[in-house]
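This briefing is meant for a reader who is meeting the structure below for the first time. It turns to the nonpolar cores and then to the pockets.

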Amino acid sequence: NLFSERAGIEIKVASSEKEKERTRRRKLLYKINREAARFFYNNLKSNASAIKYLKDSGLSIEIIKKFGLGYSLDSWDSLKNFMAANGISSELVYSAGLLIKKSNGADYYDRFRNRIMFPIIDLKGNVIAFGGRVMDDSKPKYLNSPETEIYIKGNNIYGLNLVKNIKDLKNIIVVEGYMDAISLHQYGVNNVVASLGTAFTENQARLLKRY
């Protein structure tokens with residue numbers, strides 16, 4: 001009615017519904033990424049060559065678990081099929097950055113194949129994206145999730161979810177890549193984070209300054 005229009009009630013209700021839907025969708029994308037991280041981790045446990053690659057890189061089983069490393073199968077649709085079997089649509093998995101849309105626009109395939117997987121975790125413990133590294137000389141060496149509704153590269157830092165828990169933190173060392181950071185943690189240098197394949201941003205600097 002006229003009164004509610006003047007008071008702006010309808011607009012507020014619409015805005016509130018929009019915000020609820022946004023929150024619901026973000027929770028769903030967090031869940032999809034969490035399930036993907038479990039899937040990749042379980043793949044790694046049963047793949048001898050991927051485990052060997054990480055051990056040859058100097059990583060222990062403990063550090064592999066600490067960072068939740070995984071492995072994406074050498075398949076075009078293993079993750080897609082896993083998600084479908086758990087009632088999650090390919091459209092949603094695509095929205096989480098884990099699938100690529102085929103040129104026909106009607107189907108999807110796995111973004112990450114035959115790669116060591118690095119979950120990117122935010123300060124609240126949510127898996128928000130992934131990096132994937134080849135185990136040979138294939139290109140590109142690293143493949144990263146695209147930006148999504150829950151992931152903006154320049155607003156996040158790899159490993160800060162662990163570093164922020166250090167008591168009496170005096171300083172933070174910033175390195176370039178995932179493996180650089182993990183290798184230092186492996187040798188007891190725990191105040192190390194990595195940028196996420198971008199030039200270091202002002203937002204990342206602000207995030208570090210908090211700690």
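Which residues of the largest nonpolar core touch the most other members? The model is a predicted one, and in it that core holds 47 residues, of which Ile 32, Leu 44, Leu 69, Leu 98, Phe 130 and Tyr 158 touch the most other members.

**Nonpolar cores**

- Helix α2, which spans residues 9–45, supplies the largest share of this core, namely eight residues.
- When residues up to four places away in sequence are not counted, Leu 69 touches Tyr 41, Leu 44, Leu 54, Leu 59, Ile 64, Met 117, Phe 118, Pro 119, Tyr 158 and Ile 182.

**Largest pocket**

- The largest pocket has a volume of about 460 Å³, and of the 19 residues that line it, Arg 26, Tyr 30, Asp 122, Ile 150 and Asn 156 are the closest to its centre.
- Helix α2 gives the largest share of this lining, four residues, while α2 and α9 (202–209) each supply at least two residues.

**Second largest pocket**

- The second largest pocket, with a volume of about 170 Å³, is lined by Tyr 142, Asn 144, Glu 176, Gly 177, Tyr 178, Asp 180, Ser 195, Leu 196 and Gly 197.
- To this lining β6 (142–144) and α8 (178–186) each supply at least two residues, and the lining as a whole divides into three nonpolar, four polar and two charged residues.

Note on methods: Residues numbered from 1 in each chain as written. Predicted model: local features only at pLDDT ≥ 70, side-chain atom pairs only at ≥ 80, totals over all residues. Heavy atoms only, no water. Core = buried A, V, L, I, M, F, W, Y, C linked by side-chain atoms within 4.5 Å. Buried < 20%, exposed > 50% of the residue type's maximum accessible area, 1.4 Å probe, protein only. Contact = heavy atoms within 4.5 Å. 1 Å grid on protein atoms, 1.4 Å probe; cavity = no way out; pocket = protein on both sides within 12 Å on 5 of 7 lines; lining within 4 Å. Points joined across faces, edges and corners; volume = space filled by probe spheres on them. Nonpolar A, V, L, I, M, F, W, Y, C, P; charged D, E, K, R; others polar.
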